[in-house]
Amino acid sequence: MSSDSRSPAASPPLAGLTVLDLTLALAGPFATFLLAGLGARVIKIEHPDSPDPCRQNPPYLGPNGVSLGPTGPDDVSVSALNRLRGKYGVTLDLKRPRGRDVFADLLGQADIVVDNFSAGTLDRLGVGYAFGRSINPRVIYCSISGFGAAPPPAGTGRAMDSIIQALSGLMMTSGAPGDPPVRVGVPVADLLAPVFGVVGILSALRQREASGAGQHVDVSMLGVLTSFVAAEPFDLLEACGLAQRTGRMVPRLTPFGIYQSADGHVANCAPTEQFARGVFAAIGHPEFENDPRYATRAARVAHVDVLNADIEAFTRTQPTKTLLDLLEHHGVPAAEVRSPAEGVRDPRVMARGETVHLEHPQFGRVADVIGMGVPITFSDAPPAYMRVAPAVGQDNALVYGEWLGYGAAGVERLRAEGVI
């Protein structure tokens, strides 16, 4: 008997839903990647002469492995392999009247449209939410933009991840006092905004069950990231005498931070009295429990620099493995600080499909390249099949010829007219 307790008829949660993907770069494609990973049929629509710029992002994967630049016609951007997986690829020029007619036919079969153009772009093309609703009242549009659907103030400029990090205040929360602004290495605005886009889409789908009507979901990258910055009262802490930027440590929770070992660094989280006592025992100073400088949270915060110096005087002398064993023995949450290469290859996350091996569309797994998985598992639904990222327009014949019923001749006419 199989150990899988799911029903044989179980399907991915969003199976049966069709998504029209008008997105570019990362914020939008990540939203539609998640929808594909949950089982939706995602149709990636690209301009025939100007496809998604993520296809030109280095590095590239080719028959001979990974390279910083393309070495041959079969090389494919790793970004494209990562972000476009699970999708069907078509081309369509929405600036042409016939292109809008084709889009209307797609809308008739769609549940969701996702875009991440600047606010108002789809309306200027004549295919915005008002148009979509006139074709299919049940359709849900999701727009992920820098500043929301309302036109931004004059001079705001284009929104990209670093711009949003800068405007949100995030760049002034990392690093130590006096450091220049620090950009978070992972493009957090580009990745968090689409997660909220998917939350909005799922909420709109639930409401559609009751009302029968779709709606426009509007997500602002600046709004999402600023709401995360607001989760911590940085300005209030500074007013109370704690710096906004605390580098490796979190003074108000001390001993809590990143401590140097003899061969690396260890992250240690000990905000409670029990955990703090565990740290004192692990570093060979159980008497610190009764030291008036360290006996309470308030006292430790008042003497944070001295305490961290005492802790690191020990940790610098010990290998990471020894420190982790000591901290674990005394019940303290701790972990080694790993490189991205090590982190994404953690056997636990790979076993759960949270990171996956990426394959070249023609040559398969020609190098050890790790990409995004969908970090959600369900007790009664299988993971969705994620097809390899499509080439530009790869599925024109399937989508237009078969799904829309244009036939081979109809597809060829669209191609000859420059519509696809």
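Is E209 buried or exposed in this structure? E209 is exposed, with a relative accessible area of 64%; here exposed means over 50%, buried under 20% and partly exposed in between, with a 1.4 Å probe and protein chains only.

Before I continue, please note that this is a predicted model, in which local features need pLDDT of at least 70, side-chain atom pairs count only at pLDDT 80 or more, and totals for chains, interfaces and linings use all residues. Residues are numbered from 1 along each chain as its sequence is written, and side-chain values use heavy atoms, without hydrogens and water.

E209 meets R206 in a salt bridge, at 3.5 Å from N to O. By salt bridge I mean a side-chain nitrogen of Lys or Arg within 4 Å of a carboxyl oxygen of Asp or Glu. The two residues lie three apart in helix α7, and so are separated by about one helical turn. Helices are DSSP runs of H or I with at least four residues, numbered from the N terminus. R206 is likewise exposed, at 53% relative accessibility.

The structure holds 18 salt bridges. Another one joins K44 to D52, with the closest N and O atoms 2.7 Å apart. K44 is buried, at a relative accessible area of 1%, and D52 is buried as well, at 0%.

A further salt bridge pairs E312 with R248, at 2.9 Å between the closest N and O atoms. This pair links distant parts of the chain, 64 residues apart: E312 belongs to helix α12, R248 to the loop between α9 and β10. E312 is buried at 9%, whereas R248 is partly exposed at 37%. Together with R316, these two residues form a network of salt bridges.
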